[in-house]
Amino acid sequence: MASIDGQPGVDMGIRIRGIGSGTQNNSNALIVIDGVPNTNSNALSTLNPKDIESVTVLKDAASTALWGSRGANGVVMVTTKKGQQGRAKVTFEGRWGINQQGPFKYEKMDDPAEMYEWAWQSIYNTVRYYGGENYTTNVKNPNMSHEEAALFASQHLFDAPALGKTTDFARNTLGNYMLYNVPGATYTPTGSGSTASSTMTGAYLIDPSTGKLNPNAELLYWDPWDGHFLQNRFRQEYNVSVSGATDKTDYFISAGYLEDPSYIQGSQFNRYNVRSNINSQITKWLKAGINMAYSRRAVQSPATRYGRNPGSAVANVFRWVNGQSALIPLFQRNADGSYILDAAGNKQYTSAAEQNGSVVGPTGGPTSTANLDYILNHDKDETISNDINIRGYVEAKFLKDFTFQANLSTDQTFAMRSRYWNPVTGSAVSTSGAWGQNYNEYNNINTQQTLNWAHDYGKHHVDALIGHEFNWNRGYSLNYKTQSSIIPDFQAFTNFLALNGGATFSGIGGGIDEEALEGYFMRANYNYDNKYYVTASVRTDGSSKFRYNDTRWGTFWSVGGAWRLSGESWLADATWLTDLKLRADYGVMGNQGGVDRYSGYQTWNYGANGYTYSGTNVVPAAITLGLGNYVNSGLTWEKKKTFDIGLDFRLWDRFYGTIDYYNITVDDMIWAQPIAISLGQPSIDRNNAKMRNQGIEIELGVDIIKTPDILWSFSVNGTHYTNKIIGVPEGIGTEALNGGWTAGVDAWSKGGGGAVGNIVYLRGKGKDLYNMYLFKYGGVDQATGLPLFASTVSSSNIDKLQKASHVYGDIKEGNVVYTTDYSLATRQEFGSATPKFIGGFSTSFRWKDLDFAATFAFQCGGKFFSNEYALNLYNNQKLAGALSAEMKGNTWTPDNTGAKFPMQMYGTTYTNGAEIGSWMYTDMSLFSASYLNVKNLTLGYNLPQKWMDKIGIGGIRVYASADNVWMWTQHAGIDPRMSLVGGYEVGAYAYPYMRTLSLGVNVTF
């Protein structure tokens, strides 16, 4: 599972047994709720977890085959609760707690003394060693002596110009922020206007003899932003249910409310929900039931320009907290450190340049000219969804062995997304505010009819099923945007004058999409004496995505068998063996998730070419009409050929486990085939590729102590899998890459990740789909202090490498050499982003009425690339801003030649070792994706039953719970759970997951 951010109220993407196709959006697991497939984009968030009876994951061909093409990537079966035999039971649960930032924090330089000392060293290095030429420095022949450079850096800490210049002094990127009082210091003005600054003499903030903070300097203020914007927020949840059953009818009725705010302002999730599940035995042979649910979900997301994963958008709070210089105070300050108050005596936020006082000169501004607090409290990006789920069935038994069941279900979601940007500060000041709404309606109707026959012939059991399914869904959307508000913060269409203007919201438009799928299926099971099992199934699906009958229908099947060895007489004396079963299955399943709804049909593009106005009517001046994409009627089903063999066992009735091996070959995989550009596009999707996934899965458990008063259990599960491309169409790949080709990250809407079109992977026959392909950082050149980069020698660069001044290695075609000339660097392979092993373990302990449970998740190996480190934290060419604490004392100098990072400088044309251009990153920011996460800790106590009996209550349980408690990763500030494909799509300034601490009570009447 993965999610690009910590936004509450949205589902995580779920993937079973690796990538199931050539694209992420074609590899999603199917969610089935009470026997009905649900393709809603956030199906699980509509459910109250307290309504769920069980969750089962179907992975092998035998168990998923009946779901046809939709089950090709695995199935998550969710079953909701129903009433149990006995008197009515009323339960209430209340849960209260706090949400806070989870175990995710960058290790940054977070002390002002460290920041000034860093700036001093950068200025010192630049003025002493910068030579004005690319790819080399004057380390061997310094521009000035140590003493001269040290004094220069101390005097010009705030006004040193870039490129090592010793004239034209003006405000540098420290922004004139002087957080200390330095006794005896004199400030001589330099520069002019908004870039004016000062040269220090007499006494210095940084002692030139040591490069460290003057011990006499007095800190005036220190005003970091994270403590203000990252807060503990109150969470509350209430659930009540009534359930029971008589001889004829069972019922389960529930209602719940959840208020789940994030730890940042402007991000939260609220949900109201009700459910009624009633089943009745009407006659001896007729049974019927209906399961109805309604939920109202309100998801408030940060009101950024790009929605989720916003990167450097103005309203992204993490850009301000983690990205800007921590020297900039949250609240406006005078030069002596006192607050600058407004007319009412309130503190004022820093939102622009020259709002803070400084003895050095006019101060610079924050990351954007905006008041972040005002934005977070006034702007909005809220989606309110009303979900209705109804499932009804009738079941008739006849002729003793036959059961007929007819099901009808509908899932409907009516969602309105409202987006507002205020006119006072932020992105919509120039347009006097902006407002937009997107209405989306989703309707899914599913019908199923099954006829089941079952009969026992002595030790032989046989059952068979035939069925029919029809599924139809429709999506409807309507949207508009407008700007120029009259009344600030009055969020209504009537308050805005300029229709279809302003912001990046969706413009006036809408659409309707419909899709249908029909299937016929059958299955037969045979079981002899509960020892030998055989099963077979076949299903034929037809999809409206395919235009013609010869490709519209696909037939898929599976066969399987099992042998319960523990039932054999020759193992009867093995009293230690409670159960032992060997099983295997093979099947072919279809997948049409990667096929566009209208790929086989001719589509048209039309629009207006200018408008004329007649009174209040807007009339197109002309209408344009053009052909859409090239008709792709040749697409058909992808075919997943799945083999699975497994072993289930239980020993001494306390040690149990399951071990599986699987091999999945994807035939006719959809891949982009190059075509003549004269056809209007460079490529077209065809069923012409082949891929293989194979792996093992294990699940082990043991009851360590098992007595009437004590039960202590432990379990562990995990998987290892590999992926390999084994066939692609002609025309893919280049000779320069030995038949390989480069690729970016495709979007995964379920996980919230967008596409990255830049080079991320090197693919080819026999390679992993997520084979990372970056530039390689080769350490520091001891002759220059500059970073070295790997370069594969080829006919195209050998002459340039031979002429370059700093190259190390044998310059021979095919060899890898290292050079300071980053223009000659070439990308290198770094292996698969896929982890070597993914798993979890848990333990539970009960002693009488006291219980404790702990759940952990872990991952070993794989790769995770951090945009945050590549773009910001490892950028040692900047004077101020967010910088990794890892670089403190770890950048190269002639006296520190063993440093990991190259020489720090200021404003030069040298690169920093982490990147050499736009989206041209090195492995310096590529980390292991290994992690260990404490997912949940729960401590509970059941009050003694004898107390409950006296007051007529069935039971009371109190508990304390903590979610996402702790996280270990190879490097601070990364969360590999955010990506399954290497992390490139996780933007800088990411939104970390929450930690939740709560207390709760369960009462049963």
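Reader: Which residues does Ile388 touch, not counting residues up to four places away in sequence?
Author: Ile388 touches Ala293, Tyr294, Thr410, Asp411, Gln412 and Phe414, with residues up to four places away in sequence not counted. Contact here means heavy atoms within 4.5 Å. One note before we go on: this is a predicted model, where local features need pLDDT of at least 70, side-chain atom pairs count only at pLDDT 80 or more, and totals for chains, interfaces and linings use all residues. Residues are numbered from 1 along each chain as its sequence is written, and side-chain values use heavy atoms, leaving out hydrogens and water.

Reader: What makes Ile388 count as partly exposed?
Author: Its relative accessibility is 30%. Buried means under 20% relative accessible area, exposed means over 50%, and partly exposed is in between (1.4 Å probe, protein chains only). So Ile388 counts as partly exposed. Ile388 lies in strand β16, residues 380–398; strands are DSSP runs of E with at least two residues, helices are runs of H or I with at least four, and both are numbered from the N terminus.

Reader: Why is the packing of α2 and α3 called oblique?
Author: Helix α2 (residues 112–129) and helix α3 (residues 146–155) pack at an angle of about 130 degrees, with their axes 8 Å apart. Axes are lines fitted to C-alpha atoms, for helices over the stretch in contact, and angles run from 0 to 180 degrees between N-to-C directions. Under 35 degrees is roughly parallel, over 145 roughly antiparallel, 65 to 115 roughly perpendicular, and the rest oblique. That is why α2 and α3 are oblique to each other.

Reader: Which residues meet there?
Author: From α2 come Trp120, Ile123, Tyr124, Val127 and Arg128, and from α3 come His146, Ala149, Ala150, Phe152, Ala153 and Ser154. They divide into eight nonpolar, two polar and one charged. For that count, Ala, Val, Leu, Ile, Met, Phe, Trp, Tyr, Cys and Pro are nonpolar, Asp, Glu, Lys and Arg are charged, and the others, Gly among them, are polar.

Reader: Which residues of α3 are buried?
Author: Ala149, Ala150, Phe152, Ala153, Ser154 and Gln155 are buried in α3. The buried residues of α3 pack against α2, β8 (197–201) and β9 (206–207).

Reader: What makes a group of residues a nonpolar core?
Author: A core is a set of buried Ala, Val, Leu, Ile, Met, Phe, Trp, Tyr and Cys residues joined through side-chain atoms within 4.5 Å. The largest one has 91 residues, and Tyr116, Leu157, Phe158, Leu174 and Leu205 touch the most other members. Helix α2 gives the most to this core, with 10 residues. A second, separate core of 29 residues includes Ile664, Val745, Tyr761 and Phe830.

Reader: How do you know whether Arg17 is buried or exposed?
Author: Arg17 has 8% relative accessibility, so Arg17 counts as buried. Arg17 lies in the segment before β1 (30–33). Its phi is near 55 degrees, a positive value in a residue other than glycine.

Reader: Where is Tyr989 found, and why is Tyr989 called buried?
Author: Tyr989 is in the loop between β48 (955–969) and β49 (994–1004). Its relative accessible area is 11%, so Tyr989 is buried. Phi of Tyr989 is near 60 degrees, a positive value in a residue other than glycine.
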